[in-house]
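Subject: Structure handover

Hi,

Here is the structure you asked about. Please open it next to this message and follow along.

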Amino acid sequence: MMDTERLLKFLGKKIVRFVILLIFVILLSFLLLDLSPINPVKTYISNVVISQAQIANLEAYWGVNEPITSKMANWLGNVLQGNLGTSLIFRVPVMDVILERFTASLVLMLSSWAFSGILGFLLGIVAGFKKDTIIDKAIKVYCYILQSAPTFWIALIILMVFSIYLGWFPTGLGVPIGTLSENVSFWDWLNRLILPMLTLSIVGVAQIALYTRDKLIYEMNSDYFLFAKARGESGWNLIKRHGIRNVLLPAITLQFLGFSELFGGAVLVEQIFTYPGIGQAAVSAGLRSDVPLLLGIVIFSAIFVYCGNLIADILYNFVDPRIKEGENNG
Amino acid sequence: MANSNNGPSIYNPFAKLNLRTKTLITIGLSVFILVIVVISSLFINSGDITTNFQAMNKPPSFEHFFGTDWMGRDMFTRTLKGLGLSVQIGAGASILSSLIAIVLSFIGSTNRFLDGVISWLVDLFLSIPHILLIILISISLGGGAFGVTVGVALTHWTSLTRVLRAEIKQIKTSDFVKLSERFGKSKLWIARKHILPLVTTQIIVGTILIFPHAIMHEASVTFLGFGLSPHEPAIGIILSESMKYLATGNWWLALFPGLSLLILVLLFDIAGENIKKILDPTSANE
């Protein structure tokens, strides 16, 4: 088969494209932050009183007054060598901050991603199969409401109910105060993960469920579905053989395309539950003008989102038989 | 769908109406409520929201529907003002972004190279999570209403562009377009006669459906502290203030403003989906 060869060629093209894209992401975000009224020297010295000469020294050291082109070239050169600079608020290399925070976030994001995907798909199939019944309406109303609910508000409500009124979970902080990172038990950590994960899952269900429902109903109106019915197939078997097989792949593709929303949700949820992830770091970096950290996070978030898109693309182009056939023909 | 109308309840006043009338009523009602919210918020002066320390932290009552905050301000008035603000920013952002989407998707449909450029641009803007990009743009424009509006507009054109691009691509592979091409019709003729009529629905619905996202992203970014300034009664500000008072049991500070925002977003969604139903010929005659 030519498929492996095509896939490799496709991947190669995608990776080259991504490197170019990433360079532009870096340049774009750098440009945006350079246009901003942030003064890195002021952020760095914060409230320490230093002389005018020292400020001038710092400015010269960081190249504050150099033209934008050479600043960009310097930054890009450093990034390509893997040097993202030093975080101004954590005072450690940006790379260390990101690696630590991103691991925590990945656990949160991927667990809620999988959970919401499975739950959403099942709800969508049930709703589509039972179209226009009370079950369908209940699922639809639930999804519409959740889709319109601001993530951070859901997080606030969940925090209020489970942490403040019921007192089941701590109101915040990654681990109990005063615990060293190596002494954190799995349970402690899980305890902090549950509420943010629950929030992200609840919010993530809506889109996939509604999509699956609509897609299934669309398939159920198709001619081959009608033909299958005419042959005497019915019930769950009909859905399984003609519905799910057609709906599953687009649904998974859609779920992979949701990495960007997932990251956005994580930013909000982490902020509210003070979960020590990348999103929370991004917000503190933005609020406290930590330019190197913010740029580093942008780069890593872009890589994360791109992985999702790449997988979705592969599913779309190589696994879906309809698209494969279409491409060969035209 | 004949069997979907089985057993209409006589208690349901909507049962007598057909789907089209029902849809129109739904659209009318949701648009009516939205207009009421916007108009009434315009009549509220920020100065009217006075502090009243005799009525601090009051739970909801008939006098104060949404309760009062720690400065004795009426939360209902503040919420209403915030909703109006959200709609204004949402309107600006979604109109701007759908204009960008229309222009780009039609430019992209002219030839392969431009199509590549446009889809690359979409990829570029989609490659950074929306919230981060809005934060970046907002920071670079110095925050405030302007920063948020531009930030939201520059991040939300991608979905509509993708939809239009895919739609146009699909229409171009259809038999009637191929037939027209064989007949020697120009690209412009095909775009005008075959493509535009089929995507008008997508454009109108797309613009309305950007609204909810725009409003929500504005509120989120403001909540995180990158959007509107803290003295403006935006929903994001109200909710981020309420976080400090959650532990003391002032649940109404978070519940009602958030719920109103949810309802606002929901109304836009309902209006958009129903307009889609009316405009889409495949479902309009159900």
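Below is what turned up, taken topic by topic. Please bear in mind that this is a predicted model.

**Between the chains**

Chain A gives 40 residues to the contact, and chain B gives 37. On the side of chain A that touches chain B, the elements giving two or more residues are helix 1 (3-35), helix 6 (134-148), helix 7, helix 11 (259-273), helix 12 (278-287) and helix 13. That side of chain A has 27 nonpolar residues, 12 polar ones and one charged.

**A covered helix in chain B**

Look at helix 8 of chain B, residues 235-242. Seven of its eight residues are buried, so this helix is mostly covered. The buried ones are B:I235, B:G236, B:I237, B:I238, B:L239, B:S240 and B:S242. What covers them? From chain B, the cover includes helix 2 (75-108), helix 7 (187-224) and helix 9 (251-279). Chain A takes part too, with its helix 7 (151-165).

**A helix pair in chain A**

Next, helix 5 (residues 94-129) and helix 13 (residues 291-319) of chain A. Their axes come within 10 Å and cross at roughly 50 degrees. The two helices are therefore oblique to each other. Their crossing is right-handed.

Which residues meet there? Helix 5 of chain A brings A:V94, A:V97, A:I98 and A:F102. Helix 13 of chain A brings A:P292, A:L293, A:G296, A:I297 and A:F300. By class, this contact has eight nonpolar residues, one polar and no charged.

Best wishes

Note on methods. Residues are numbered from 1 along each chain as its sequence is written. Chains are lettered from A and ligands numbered from 1 in the order in which they are written. This is a predicted model: local features need pLDDT of at least 70, side-chain atom pairs count only at pLDDT 80 or more; totals for chains, interfaces and linings use all residues. Axes are lines fitted to C-alpha atoms, for helices over the stretch in contact, and angles run from 0 to 180 degrees between N-to-C directions. Helices (H or I, at least four residues) and strands (E, at least two) are DSSP runs, numbered from the N terminus. Angles under 35 degrees count as roughly parallel, over 145 as roughly antiparallel, 65 to 115 as roughly perpendicular and the rest as oblique. A crossing is left-handed if the near helix is turned anticlockwise from the far one by less than a right angle, and right-handed if clockwise. Two residues are in contact if their C-beta atoms, placed from the backbone, lie within 7 Å. Ala, Val, Leu, Ile, Met, Phe, Trp, Tyr, Cys and Pro count as nonpolar, Asp, Glu, Lys and Arg as charged, and the others, Gly among them, as polar. A residue is buried if 20 or more other C-beta atoms lie within 10 Å of its own, exposed if 12 or fewer, and partly exposed in between; C-beta atoms are placed from the backbone.
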